[in-house]
Amino acid sequence: MEAGVLAAEPGVRAAELSVLETKLRDWAPDPELPDWFNASRRLAIEAYFALELPQRSNESWHYGDARRFHAGSLDIASASPGFSGAEYERICKLSREYGRVTCLSMVGDRVEELSQSPALSELGGFVLPLRKALAQHGELLRPYWQQGLLPAGRDKLTAQHYALLDGGFCVYLPKGAELKDDIHLILETGEGGSVVSPHILLIAEARSSARVFIHNLGHPEQERNLQTSAIQSFVGAGAQLMLTKLQNLGPKTDALMIEYARLQRDSRYDTISINLGGSNVRTEVETHLAEPGADARLSGLSIARGRQRYDFHTFQNHMAPHTSSNLLFKSALLGRARASYQGLIDVHPSAQSTDAYQSNRSLVLSPDARSDSSPQLEIEANDVRCTHGSTTSNVSRDEMFYLQTRGIKPELARKLLVQGFLTEVADRIPLQPLRDYVESFILERMA
Amino acid sequence: MLKIEGLRASIEDKEILRGVDLEIPAGAVHGIMGPNGSGKSTLVKVLAGDPAYTVTEGSVSYKGMDLLEMEPDERARSGVFLAFQYPMEIPGVSIANFLRAAVNSIRGPENELPTFQFYALLQDKLRELQLDEFWGNRYVNEGFSGGEKKRNEILQMLLLEPGLCLLDETDSGLDVDALKIVSDGVNRMRSPERSMLIVTHYMRLLDYIAPDRCHIMLDGRIVQSGDIELARRIDSEGYEFIRTGVAETNV
């Protein structure tokens with residue numbers, strides 16, 4: 001635990017409210033947004049003030065410090081530091097190469113559209129900044145919004161996200177809409193000392209399909225920065241949604257990234273979490289396989305160095321028979337980096353013929369790096385196939401020797417082996433330009 | 001070219017090499033036979049710099065360099081190549097990437113092959129070994145049969161063009177056709193500048209390669225050397241006469 005950064009303690013009295021909390025207390029409904037949304041915002045704010053931050057004694061917070069993700073003394077972001085020319089160019093280049101629907105979310109509501117897809121509107125779907133989507137399609141979005149993540153029953157940090165929620169996107173695919181263009185969404189963090197809370201709502205109605213890429217990009221700011229983001233995915237009967245998330249936030253940015261997905265009959269959800277940047281980053285991915293035939297694949301790829309801390313939480317919730325899920329999270333750790341993984345497979349009594357797999361593998365490349373893993377199974381049905389496991393190791397001496405006998409210097413041999421280790425997950429990234437982008441980062445991080 | 005004197009090496013305090021003396025002139029191909037556990041594989045692994053072994057005594061000079069003072073990658077860059085008996089599987093690393101890293105490491109930063117030229121060279125060597133053109137896309141040895149792994153070793157040898165080739169039971173696991181392809185590859189590599197040391201249990205490979213000299217290894221030493229006729233006699237009679245001979249000498 002490091003002191004000095006986090007001023008606000010749980011349960012502050014009114015007199016001690018921070019700038020941000022004063023803003024929350026004084027919050028007024030937004031007349032342009034639906035009443036139900038304003039009401040849910042008010043509930044979130046109330047929950048934020050009423051709930052306590054989770055303690056270490058809470059099993060889910062055993063490896064992380066909840067105060068790291070508490071906005072506390074930070075202010076709501078008001079300005080974007082802007083991307084450096086090179087980074088912006090890199091993103092635009094990537095967009096041209098693989099995304100035909102590209103939106104850049106600046107801080108708050110501000111959104112820049114880099115490109116648009118006529119195909120999506122022809123299919124009757126849309127990609128909109130969240131606020132606009134709520135204002136224009138409030139009744140359509142309402143039933144989705146109110147499922148899954150809402151703060152009641154969750155914790156103060158989820159409440160904080162909903163209370164601060166400022167921006168993000170909504171993707172809507174109507175029944176049968178098979179979008180060939182890729183959707184590329186970019187989320188940016190604010191100025192130093194600020195918090196941003198983008199929210200992404202992905203709705204794939206029955207038999208629709210799409211690929212969505214989400215880039216969480218940051219800045220090399222000097223002060224601490226926070227991002228709390230949430231993704232809610234709804235995958236209708238027979239629909240297919242493929243989500244690739246790349247987190248490359250600034251070195252002083254803490255991030256809490258929550259993802260919730262609900263899968264209906266015979267649907268498929270493929271979600272890849274790539275973590276390269278940030279300081280303290282907590283990733284939560286929960287998939288609820290609610291109807292027979294639902295199939296989820298959860299992948300994680302991360303490389304951490306310095307004092308980076310990655311904390312992963314996954315939940316494969318098998319609620320119906322004949323559902324399958326496959327999870328593979330891999331991390332390579334350098335320097336004094338730490339990664340922890342807590343994953344649960346839950347098979348409900350009715351979920352017979354479930355096929356679930358969970359694997360967490362870490363490559364610990366330095367004596368000061370550390371990895372903790374606790375995979376868990378909770379099986380209440382009898383006719384199921386569930387396997388799980390975790391491994392932690394350094395690169396093997398025999399593999400190093402083999403590469404060295406081919407003239408390859410130890411530094412390069414190690415790079416190749418780390419790259420090889422992560423390839424199993426990198427190969428799941430659906431587009432070559434993004435794979436190249438990630439691989440170039442891996443090599444950069446290894447340098 | 002290669003001169004080994006009084007080489008002793010052990011693994012986990014168990015001595016395997018107990019004073020090996022061997023000299024291979026430039027351009028010569030030597031075979032080495034011996035019963036299981038006699039130290040043949042250990043000898044070539046120690047020459048390649050396997051960190052699992054500790055050299056306790058003796059010297060190895062290669063082209064005038066003290067090999068034992070060099071790291072495995074330095075030895076490789078100076079021309080030593082070991083074709084492994086059990087090549088490592090390296091999931092996630094493609095053969096093409098691996099070979100390109102190896103070729104460029106050996107050539108050095110000043111002489112790196114442009115990507116296009118590397119792939120052209122790779123295709124040449126693949127054809128030579130009758131491997132398909134997409135071979136390079138596979139991950140290094142992952143899921144390979146024993147024979148495929150051995151051919152992959154020879155592919156590396158052809159690409160890296162080492163000065164000293166150490167072949168550790170490259171023939172085991174190969175069918176007759178593959179053995180022919182591999183031996184042809186080895187024979188094409190023969191040159192006045194290149195030396196080879198071939199560890200094997202079988203006469204077949206030696207028949208194809210026709211070594212200049214054969215050595216018999218027993219209990220961590222080279223106990224007898226001769227021409228290919230020595231190997232033939234081992235092949236038909238086994239090692240018993242050697243053991244008897246050694247025992248008599250020791251009396």
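Because the model is predicted, local features need pLDDT of at least 70 and side-chain atom pairs count only at pLDDT 80 or more, while totals for chains, interfaces and linings use all residues. Residues are numbered from 1 along each chain as its sequence is written, chains are lettered from A in the order in which they are written, and side-chain values use heavy atoms, with hydrogens and water left out.

**Chain B as a whole**

- The secondary structure of chain B comes to 9 helices and 12 strands, where helices (H or I, at least four residues) and strands (E, at least two) are DSSP runs numbered from the N terminus.
- Chain B has a radius of gyration of 18 Å, which agrees with the value near 18 Å that a compact globule of 251 residues would have; the radius is taken over C-alpha atoms, and the globule rule is 2.2 Å times the number of residues to the power 0.38.
- Along its principal axes, the C-alpha trace of chain B spans about 65 × 40 × 35 Å.
- Of the 251 residues of chain B, 54% count as buried, a word that stands for under 20% relative accessible area, whereas exposed stands for over 50% and partly exposed for what lies in between (1.4 Å probe, protein chains only).
- Among contacts (heavy atoms within 4.5 Å) in chain B between residues at least 6 apart in sequence, 68% join residues at least 24 apart.

- F401(A), Y402(A) and R406(A) supply 39% of the area that chain A buries against chain B, more than any other three residues.
- The contact takes 21 residues from chain A and 33 residues from chain B.
- Between the chains the count is 1 salt bridge, a term for a side-chain nitrogen of Lys or Arg within 4 Å of a carboxyl oxygen of Asp or Glu.
- R406(A) forms a salt bridge with E153(B), and the closest N and O atoms of this pair are 2.7 Å apart.

**Salt bridges within the chains**

- Over all chains, the structure holds 33 salt bridges.
- D182(A) and R211(A) form one with 2.8 Å from N to O, and this pair links distant parts of the chain, with D182(A) in the loop between β5 (168-173) and β6 (183-188) of chain A and R211(A) in strand β9 (residues 209-217), 29 residues apart.
- D182(A) is buried, with a relative accessible area of 8%, whereas R211(A) is partly exposed at 27%.
- In chain B, the side chains of R188(B) and E128(B) meet in a salt bridge of 3.1 Å, N to O; R188(B) lies in helix α6 (residues 176-189) and E128(B) in helix α4 (residues 115-128), so the pair ties together parts that are 60 residues apart in sequence.

**Residues to look at one by one**

- T200(B) lies in the loop between β10 (195-199) and α7 (203-209) of chain B, and T200(B) counts as buried because its relative accessibility is 0%.
- The side chains of T200(B) and D171(B) are joined by a polar contact of 2.4 Å; such a contact is a pair of N or O atoms within 3.5 Å, and within protein one must be able to donate a hydrogen and the other to accept it, while residues adjacent in sequence count only if both atoms are side-chain atoms.
- R338(A), in strand β18 (residues 338-347) of chain A, is partly exposed at 21% relative accessibility, and a polar contact of 3.3 Å joins its side chain to that of D372(A).
- Most residues other than glycine have a negative phi.
- E161(B), in the loop between α5 (146-160) and β9 (164-168) of chain B, has a positive phi, near 45°, and is exposed with a relative accessible area of 53%.
- D219(B) also has a positive phi near 45°; D219(B) lies in the loop between β11 (213-218) and β12 (221-226) of chain B and counts as exposed at 51% relative accessibility.

How values were computed: Buried area = accessible area lost by both parts, 1.4 Å probe.
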